[in-house]
Amino acid sequence: MHPSLLTTPPEILEHIVLLAVLDSPRGPPSVLRALRLSCRILNETLSVEHNPHLYLMLFFHSFDMSSPNRHLPSPRLSALALEQELRTRYIALQCIRRKNFGHPDLAGILSTVYIMFLEDDGCNYEQIAGADLLGFLQLLLHDCTSQDIAGKNAWPLENEVNTLAVALLWFITSHSGLRQDTQLRQRSIDILSCYAYAGFRYPCFTEPENMFYSSDKTKLAISNHGNYPPPRPTAMTVRYFGDQTRFTLPPIAPFAILSQFARAEEFPLKIPPGLPANRQEALMAGILSGPTKEDIEHFNANCNTRLICSRSSDPPVDGLFKSQTHDPDRSRSLTSVLSTAPSYYVPGTLSGHWRGSSMMPDLYFYKSMLSSAEAPSTLVSFGRFPLYVRFREYYCYSPTTPVPVEEGGSALFNAFLPHGCRWYEVKDGIELVGKNNSFRTKYVPQQNSPQCDAQDPSHGGEIRDVIIVGETEEPYASAWNGYNYIGRIRPSDGLVILMRGPHDAHADQLGRALFRGYGKYFSWSPRRRSNHCDTRKR
């Protein structure tokens, strides 16, 4: 009998398909489709029912599995489920590659790609980059924001498609992409600016910021822009590993802020004439504070937003899989399919030295935005100011009772710490003492690796609360002013709330501020607002 594909053993056919996938790893395996369409026998031989191992290997060769293995129960990772997820992902990537903006479920397509990024350890990124996601998003965002404008100065919508498109733009941002022509970069900045800066319309959190614990009772404020927090799409249903799954949409603002900053940083700070060359020269001239040429050069070279796009050859982050750094975002979006308790904040995320910048609009311009129901016809330029801070995290482990949570309308402005609370950093932790000695609690540093989330074996108990403190160290305090920070992490979603005040008790002109945002590895994109609460150590 002459050799024929019809008489070829199934394991040999499987090997042929896998070799073809390895030779052309991006996109669906065309050879598999061709073989299954050739005749009924090969269609059955290569079906998931008759050859489940083939589809397991196809998924393992094309996509990352560490995150699904960590979070999904075993029944959700059957061969049939993997085959269905393969179909879902290939359909989504095909839509992106063909720039099919009219797809009837475009939000579902974008949510599939967003989940792939949350589960990315390199392979997922290769598949997405091969579909030219960046080109797709640049056209989509321009078209969507243009269509959103029903009136002359209408605000862009925070709907499902726009939210996911802005989130994906951040994930796919690369250094080579940022060096595109200036006109295209400026157009991206214009699209992102409203989402990034209009905090009264686009919150940076999934739950109201004035609540420390989850509650069905949301207190709304009223402004010229309607209710605050404003209504926004919160959830949708997506197909995920073969099942219809609830998917909670992230807020649009954090991703817009990160993308906006990354693009604005392509325009470095200019060095004014007449500045001292360095700190030594400044001191010799009797200048005790303020930036030098060396300070501005250091800022331009070292304080840029850390991008997250990666390839499969990139090394792990602090010993973690790259997808583990996205676990908090994944927990907020896919809580319904977690096989373990959700991890909304990975201990150690903010610990260490941080360098970045703050961008704020002119105060009078911002007030005009607040008082008008329309978006500004043009956005004024925003100045950048360097930020340097060293953060430390301290933990309260069970059975220790954590610091009480402040309640009331002003609780947020004290980072939900009790008013009148004093705090002292000691050799092995931090002590917090209530007003009139109403309580005394000690929090301690984390003693093990950052892989832990809910528990720390070195203390033998569950983490019940996290306090974060920080300060601006020298020589950065002399150049850009010195500040103290203190705050805590909201357990319901991992929101970081920090107060900031000047080192010098008499430097009130520097002002006090409140920062709120979700912490991510190597990037934190909080919003800031003026504050009156004191952050000094007592």
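Modeller: The packing of the pair comes next, after a short note on the model.

This is a predicted model, in which local features need pLDDT of at least 70, side-chain atom pairs count only at pLDDT 80 or more, and totals for chains, interfaces and linings use all residues. Residues are numbered from 1 along each chain as its sequence is written, and side-chain values use heavy atoms, with hydrogens and water left out.

The protein has 18 helices and 16 strands; helices (H or I, at least four residues) and strands (E, at least two) are DSSP runs, numbered from the N terminus. Of its 538 residues, 52% are buried, meaning under 20% relative accessible area with a 1.4 Å probe, protein chains only.

The pair is α10, residues 160–172, and α13, residues 253–264; their axes lie 8 Å apart at an angle of about 45 degrees. Axes are lines fitted to C-alpha atoms, for helices over the stretch in contact, and angles run from 0 to 180 degrees between N-to-C directions. That angle makes α10 oblique to α13, the class left once angles under 35 degrees (roughly parallel), over 145 (roughly antiparallel) and 65 to 115 (roughly perpendicular) are set aside. The crossing of α10 over α13 is left-handed: the near helix is turned anticlockwise from the far one by less than a right angle.

From α10, V166, A167, L169, W170 and F171 are in contact with F255, A256, L258, S259, A262 and R263 of α13, contact being heavy atoms within 4.5 Å. By class, nine of these residues are nonpolar, one is polar and one is charged; Ala, Val, Leu, Ile, Met, Phe, Trp, Tyr, Cys and Pro count as nonpolar, Asp, Glu, Lys and Arg as charged, and the others, Gly among them, as polar.

Conventions
Buried means under 20% relative accessible area, exposed over 50%, partly exposed in between (1.4 Å probe, protein chains only).
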